[in-house]
Amino acid sequence: MRSAYTVEAVRHAEAQLMARLPEGALMQRAAAGLAAACARVLGRVYGARVVLLVGSGANGGDALFAGARLARRGAGVTAVPLAPGRTHPAGLAALLKAGGAVAEDPFDALAGADLVVDGITGIGGHGGLRPDAVPLARAARGSDAVVVAVDLPSGVEADTGEVPGEALRADLTVTFGTHKPALLVDPAREYAGAVHLVDIGLGDELPSVPALEALQHADVARMLPLPAAESDKYRRGVVGVVAGSARYPGAAVLAVAGALRGGAGAVRYVGPGAAAVIARFPECLVSTGRPSEAGRVQSWVVGPGIGEMREAVYEVLASDVPVLVDADGLRLLEVSEVRDRTAPTLLTPHAGEAAALLGCAREEVEAGRLAAARELAARYGATVLLKGSTTLVAAPDGGRSPVRVNPMGTPWLATAGSGDVLSGLAGSLLAAGLGARDAGSAAAYLHGLAARLASARGVPLTAQEVAAALPAAWRGVRDQHGAEPPEPDRS
């Protein structure tokens, strides 16, 4: 599991560690890791041209000491101080002693660089790049050089993942001690490029509960239910699905597909799409009556494509089993109906639906995804799975549990109906007994993995193909010795 901590937690951990170490030792650890990562990027260090964009803080010091290490290996290293009177003195002295230089013309230096090290602001920056840094950042990004960020791309907000102004997009971010939230959450995540974590010894000093966590194969494998010898279809979990309409019968089919392929022992379908569902899945138990008349279930999924079926949403929320609400069902929600429930509730909005629930613009949600997920969870007293380029799962416990970040997201999921499949899949995990936070997190992971597997050769896919790949995703997660799946071809 990858964990991310706030700036406050990181700074406290660094202070605790530095109190026990010789002066400057922690910075040297960071600089050594940064220099090694830069050397791997360059391949051949001797003769390479490296430019350091150096801010006034410790971030700039890390860059200077790393630059000194590269200069001693034969690289031509040039520093561009953005605050000449406040450049880290020991770092600058080390660079000059190793044969490095200070740029006479920063733009000429950038034009000929093989690698640019972004040491402008790091985790202490707020409000985007300062105006004087913007031309240099643009020149660096417009050059042919590889850009390596020190700890965090300059211009992004470390704790929130927001990008309030201009920021320098990196090809690689070398972060120290632990991940920061901005490295896991969009839009900042897109500025980080690949991320390499350097262990500088903070582990024992960090809090036991991080701000964010990203599950990996082993974590999800421990969550997934397996049938025992005495299991029958009812013990494995029965999911009730209220989805689809005359206009959107496909939503019913896809939600049921997600539930069945997600491991449900049985699915009870309620709604006007019964004929379409039974034609595709004859094992499904269908009903055209009310949800309360469908028979016993261990969870409900309500909302995909239902239009104005307000009474069905009300009946499902009045039940005493876990309920997942998606799509049209979100539009029909009353806050009090959700807050008054005693059984778990999982809401699964995309950014537009979250904006409607919060009464703000979609752009606000997309710019501040972490804040939006937390606010929705607090307002509704429900677990929230906020779909999108970064899928987040936030519990309604006031921050006592880390927000979960799905690392398996892929642009191939941006296809009609994929959210319906996710709803059915998460509903099946709720019926199997997982809590709302675990069910949402594991479902998002499997959903993304299925899409990666189905699109591994870089071909378009449909929601039906995502559903069809779910069993393979289960197998991939269950295989503890298997490699992580490849990134999809986005060329």
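Predicted model: local features only at pLDDT ≥ 70, side-chain atom pairs only at ≥ 80, totals over all residues.
**View 1. Helices H3 and H4, a roughly parallel pair.** Helix H3, residues 58-72, and helix H4, residues 89-97, have axes that come within 8 Å and cross at roughly 15°; because angles under 35 degrees count as roughly parallel, H3 and H4 are therefore described as roughly parallel to each other. On the side of H3 the contact is made by Leu64, Phe65, Gly67 and Ala68, and on the side of H4 by Ala90, Gly91, Leu92, Ala94 and Leu95. Divided by class, the residues of the contact of H3 with H4 are seven nonpolar, two polar and no charged.

**View 2. Helices H14 and H16, an oblique pair.** Helix H14 (residues 351-358) packs with helix H16 (residues 369-380) at an angle of about 50°, the two axes being 11 Å apart, and that angle makes H14 oblique to H16. H14 and H16 cross in a left-handed manner. From H14, the residues Ala351, Ala354, Leu357 and Leu358 meet Arg369, Ala372, Glu375, Leu376, Arg379 and Tyr380 of H16. The contact of H14 with H16 comprises seven nonpolar residues, no polar residues and three charged residues.

**View 3. Helices H17 and H18, a right-handed crossing.** The axes of helix H17, residues 418-431, and helix H18, residues 436-454, come within 8 Å of each other and cross at roughly 135°, which makes H17 oblique to H18. H17 passes H18 in a right-handed crossing. The residues of H17 that make the contact are Ser418, Val421, Leu422, Leu425, Ala426, Leu429 and Leu430, while those of H18 are Ala436, Ala439, Ala442, Ala443, Ala444, Leu446 and His447. By class, 12 nonpolar, two polar and no charged residues are found in the contact of H17 with H18.

**View 4. Arg169 over the face of Tyr191.** Arg169 lies over the face of the Tyr191 ring, at 4.2 Å from the ring centre. With regard to pairs of rings, whose centres would have to lie within 6.5 Å, the count of aromatic pairs comes to zero.

How values were computed. Residues numbered from 1 in each chain as written. Heavy atoms only, no water. Axes fitted to C-alpha atoms, helices over the stretch in contact; angles between N-to-C directions. Helix = DSSP H or I, 4+ residues; strand = E, 2+ residues; numbered from the N terminus. Parallel < 35°, antiparallel > 145°, perpendicular 65-115°, else oblique. Left-handed = near helix turned anticlockwise from the far one by under 90°. Contact = heavy atoms within 4.5 Å. Nonpolar A, V, L, I, M, F, W, Y, C, P; charged D, E, K, R; others polar. Phe/Tyr/Trp six-rings, centres within 6.5 Å; stacked < 30°, edge-to-face > 60°. Lys NZ or Arg CZ within 6 Å of the ring centre and 35° of its normal.
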